[in-house]
Amino acid sequence: MDKILVLDFGGQYNMLIARRVREQGVYAEIKQYDRVTPAGIRAEGYRGVILTGGPNSVYDPASPRCGREILDMGIPVLGICYGAQLLSFLAGGRVSPADNAGEYGKTALTVSGESVLFREVPPESVCWMSHRDYISAPPEGFRVTARTAVCPCAALECPDRQIYGVQFHPEVTHTEYGREILAAFLFGVCRCSGDWSALDYAGREIEKYARELKGRKALLALSGGVDSSVCAAIMHRAIGPDLTCVFVDHGLMRKNEGDFVEETFRNMGANLIRVNAGEVFFARLRGVTDPEAKRKIIGEEFIRAFEAQAARIGRVHALVQGTIYPDVIESGKGASAVIKSHHNVGGLPDAVSFDRIIEPLRDLFKDEVRAVGEELGLPKELVWRQPFPGPGLAVRILGEVTPEKAALLQDADAIFREEVAAALPGREPSQYFAVLTDSRSVGVMGDSRTYGYIAALRAVATDDFMTAEWCRLPYEALEKASSRITNEVPGISRVVYDISSKPPATVEWE
Ligand code: XMP
């Protein structure tokens, strides 16, 4: 399998680079710049190396750098933004602060020289720039192949050494011919074959675990989310009845979702234990109003319910987890600030002992996981499900969580989701849901006064959930949702729309 190394210098689009490479059928792996050695790169047999962007200046002695050897290993190199500046610097060129020549956003690009990278790019096109420094003098032996109005060196190369650099970001869709430029590097320079696919990868995982586990039992905590569901589908294909999926229903799922998850996996023929633990969860949550305390209780109860099932089943060989590639990369980057304690079944291995942990999706991005899920026959509603927090509706019910409030929220949320899906079919926001506030307000229905809860509606657009914009939903959809909720859900008398972005707010209310 041809592999490309994406050497990470801290740029915000680094995962995107790897995804864009994989989209072209070439496997890409991200590694932090200081975690690889030339010998390691050679041993892995990479066909090419991409040096990513990053926020630093190469002339700052503390900036992240790789060794100069990387340019002389006979392996093609493509530097993007900071990566292009770094390779210029390492090869003896000069990088300077751009002063007035910094560029941000869409920029006109002029191809000014023959280059294999630009073989599919017309002389004039649009690229995406984001830089404060620029290459003011290319290294000896390099030629400039593109420029912009203010940047004299928007691309440079030394084909004899198979080294290429672009100041702009070909991985960002705003770069008109970004895909073609990456393809030219992958196929024209690195000579990759382009035969990698997430589906083949999943097929190999299925074969691998069928072989390795033969007759030994594995356990999987199924949340009904995309990752654990696709994991279950893969492992079910691999080991069939030796896989047991434990689905702990905490009673705080969206309306009818518990039944949907159960039905899906029963139809698949998977060994499924559904633990209806709603009563236990609600009892433990009685009187609790602090958001972090709620999350903690749910996390603990979840593990307890899972442990009880594991004990009933007896000794199992492996625990299957739905870790995906972004989790792997992010956990390698050290702890980022914990804003909310994210509850995930990732906490299980400490509590329950197994001989091994299996993570069949650990090399795949979310969109690849989804493609595998569809191929393995999971329903579209499940595969394209919007994210749903582990603690479920508990973090969308402000104040004390009770079964009555959960039922109100489930109804309001189902109506809102129906109306958004009807108003924007195929263009739904990244995440949209209802929240039940802890406040009540006066209303009037018929001739009577009402005094019900205030529900809030939330819809956000985001690529990575680290930042998010509130969505400008059509007024008609908001009106319809509001009117239906106040009419069809007795107990809710007022509906408001959340117009906060992240930051400063978070997506969830708690
Ligand atoms: P926040 O509220 O932190 O949410 O802006 C960002 C994304 O993470 C989801 N989220 C969670 N997911 N366990 C999860 O598995 C959690 O405890 C949790 N809290 C938030 C949230 O729905 C959004 O997609």
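Predicted model: local features only at pLDDT ≥ 70, side-chain atom pairs only at ≥ 80, totals over all residues.
Leaving aside neighbours within four places in sequence, which residues is F260 in contact with?

## F260 and its surroundings

The residues in question are P379, E381 and L382. F260 belongs to helix α7, which covers residues 257-268. With a relative accessible area of 23%, F260 is partly exposed, because the buried class is kept for values under 20%.

P403 lies 143 residues away from F260 along the sequence, and the C-alpha atoms of the two are separated by 20 Å.

## Helices α8 and α9

Helix α8 is made of residues 278-285 and helix α9 of residues 291-313. The two pack at an angle of about 145 degrees, and their axes are 10 Å apart. The crossing of α8 and α9 is right-handed.

On the α8 side, the contact is made by V280, F281, R284 and L285. On the α9 side, K294, I297, I298, E300, E301, F302 and R304 take part. By type, the residues of this contact between α8 and α9 divide into six nonpolar and five charged, with no polar ones.

## Aromatic pairs

How many aromatic pairs does a search of the whole structure find? The search gives seven. One of the aromatic pairs is formed by Y27 and W196, with 5.4 Å from centre to centre and 50 degrees between the planes, and this pair is tilted. Y27 and W196 come from distant parts of the chain, 169 residues apart. Y27 is in strand β2 (residues 27-32), whereas W196 is in the loop between α4 (178-189) and α5 (198-213). Both Y27 and W196 are buried.

The rings of W470 and Y497 have their centres 6.3 Å apart, and their planes meet at 75 degrees, so this pair is edge-to-face. It also links distant parts of the chain: W470 is in strand β19 (residues 469-470) and Y497 is in strand β20 (residues 492-497), 27 residues apart. W470 has a relative accessibility of 21% and counts as partly exposed. Elsewhere, F9, Y33 and Y82 form one aromatic cluster.

## Charges over rings

The charged end of R472 sits over the ring of W470, at 3.9 Å from the ring centre. R440 lies over the face of Y453, where the distance to the ring centre is 5.4 Å.

Is V489 buried or exposed? Its relative accessibility is 2%, so V489 counts as buried. V489 is found in the loop between α15 (475-488) and β20.

Apart from neighbours within four places in sequence, V489 is in contact with L408, D411, A412, I415 and R484. For L408, the C-alpha atom is 6.6 Å from that of V489 in space, while the two residues are 81 residues apart in sequence.

## Backbone exceptions

Most residues other than glycine have a negative phi, and most peptide bonds are trans. The residues below depart from one or the other pattern.

C81 has a positive phi of about 55 degrees, although it is not a glycine. C81 is placed in the loop between β4 (77-80) and α3 (82-90), and its relative accessible area of 5% makes it buried. N256, which is not a glycine either, has a positive phi of about 65 degrees. N256 is in the loop between β13 (243-249) and α7. At 53% relative accessibility, N256 counts as exposed.

Which peptide bonds are cis? The bond from K502 to P503 is cis, with omega near -15 degrees. The bond from P503 to P504 is cis as well, with omega near 10 degrees. P503 lies in the segment after β20, and P504 has its place in the segment after β20 too.

Methods
Residues numbered from 1 in each chain as written. Heavy atoms only, no water. Axes fitted to C-alpha atoms, helices over the stretch in contact; angles between N-to-C directions. Helix = DSSP H or I, 4+ residues; strand = E, 2+ residues; numbered from the N terminus. Left-handed = near helix turned anticlockwise from the far one by under 90°. Contact = heavy atoms within 4.5 Å. Nonpolar A, V, L, I, M, F, W, Y, C, P; charged D, E, K, R; others polar. Phe/Tyr/Trp six-rings, centres within 6.5 Å; stacked < 30°, edge-to-face > 60°. Buried < 20%, exposed > 50% of the residue type's maximum accessible area, 1.4 Å probe, protein only. Lys NZ or Arg CZ within 6 Å of the ring centre and 35° of its normal.
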